[in-house]
Amino acid sequence: MEPLVWSLSIHLIQSTNGTQLSTQNSELRTLLAGTLFIVATPIGNLEDITLRALKVLGQVDVIACEDTRHTRKLLAHYQISKPLISYHEHNESERAEQLLKRLLAGESVALVSDAGTPSISDPGYRLIREAARRQIKVSPIPGPSAAIAALAGAGLPTDSFTFAGFLPSRRGARRARLSMLKRLDTTLVFYEAPHRIRTVLAELKEELGDRDCVVARELTKIHEEFIRGRLSEIQGLVQPRGEFVIILSPGALDLAEPRHEAQSSSILEAVETQTKAGMTRKEALKHVARARGLSKSEAYRLLIKEEAELE
Ligand code: SAM
């Protein structure tokens with residue numbers, strides 16, 4: 001269905017004949033019928049919206065959004081006028097049922113959030129799960145997400161990352177989550193609110209060690225900034241204003257240490273260092289293999305060889 005939608009959309013833009021345009025509009029609406037579109041919208045800069053997102057928003061029967069006033073501003077900027085229905089964390093289950101009924105009756109629905117990609121630390125997944133369960137077509141329209149924008153500009157390893165979203169608001173639950181995340185051998189990505197950013201940076205240092213960190217603030221906006229350094233270095237530099245993404249380097253990765261030094265120890269020593277730091281032998285081997293650009297089987301072969309030489 002996608003290529004058809006695309007070619008119709010292109011015709012829509014190119015057409016100068018009013019009659020032709022309205023025939024094509026109705027054809028396009030038929031093609032969109034019964035589809036739930038998950039539409040990403042800007043995270044600050046209104047120009048960060050795809051052509052496809054604008055076409056879909058202009059053609060669906062209804063747009064489900066968190067805050068109707070907020071979404072109305074975005075739509076007004078692009079001269080799109082559509083019925084809006086509020087869908088937020090407090091009315092999610094009741095509204096999901098209403099939207100599913102409309103989808104099953106053949107209407108098309110676009111789901112947007114206040115910013116970024118719906119269902120990423122935003123309402124959406126319940127509706128999407130139920131739509132999929134009822135064989136309703138779900139179609140994401142990709143675009144901005146603060147986590148990916150922050151990662152893209154962070155300059156920390158991106159081969160494997162864990163999106164941890166917002167940490168729990170209760171201190172005890174937060175500490176417990178951090179001690180679980182500490183075991184992961186990936187870059188970590190957090191969303192955080194301004195009133196808690198400093199507390200959380202301090203707790204990250206206490207629980208996870210003085211890792212390399214990038215705080216991405218006010219992405220795509222006038223005061224966009226990336227604050228980079230060890231957790232201990234940047235704590236005092238972050239002004240608690242605006243919106244933040246925190247990116248932390250993987251645990252044992254020491255970016256300040258030259259690569260040849262990091263690799264001068266034997267595989268056995270490196271694995272022992274990691275197991276002493278709390279990893280299982282299997283996790284440690286995987287970690288060391290990755291850090292040295294070896295396959296797991298190759299790292300295992302070298303480990304066994306080193307152990308045999310010691311006996
Ligand atoms: N669904 C959104 C997305 O895809 O990015 C995230 C929504 S979540 C409720 C809002 C959080 O995302 C903010 O508290 C902040 O941590 C992060 N965020 C959103 N916009 C941002 C921006 N322009 N700069 C930095 N962080 C941002």
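**Basis.** I worked from a predicted model, where local features need pLDDT of at least 70, side-chain atom pairs count only at pLDDT 80 or more, and totals for chains, interfaces and linings use all residues. Residues are numbered from 1 along each chain as its sequence is written.

**Ligand shell.** I looked up the residues around the ligand and found 23, taking a residue as near if its C-beta atom, placed from the backbone, lies within 6 Å. Gly116, Ser145, Ala146, Tyr191 and Leu219 come nearest. α7 (146–154), β7 (187–192) and β10 (244–248) each give two or more residues to the shell. Helices (H or I, at least four residues) and strands (E, at least two) are DSSP runs, numbered from the N terminus. At least three shell residues come from each of domain 1 (33–144) and domain 2 (147–248); the bounds are from an automatic or database domain assignment.

**Sheet.** I then traced an open sheet of five strands, in the order β6-β7-β10-β8-β9, with mixed pairing. Strands pair if DSSP finds at least two bridges between them. Which strands stand at the edges? β6 (161–166) and β9 (225–230) do; each has a single partner strand, so one side of each lacks a neighbour in the sheet. β8 (residues 212–217) runs antiparallel to β9, joined by six bridges. Asp212 stands opposite Arg230 in β9.

**Core.** The largest nonpolar core has 30 residues. Such a core is a set of buried Ala, Val, Leu, Ile, Met, Phe, Trp, Tyr and Cys residues joined through C-beta atoms within 7 Å; buried means 20 or more other C-beta atoms within 10 Å of a residue's own, all placed from the backbone. α7 gives the most to this core, with six residues.

Technical notes:
Buried ≥ 20, exposed ≤ 12 C-beta atoms within 10 Å, placed from the backbone.
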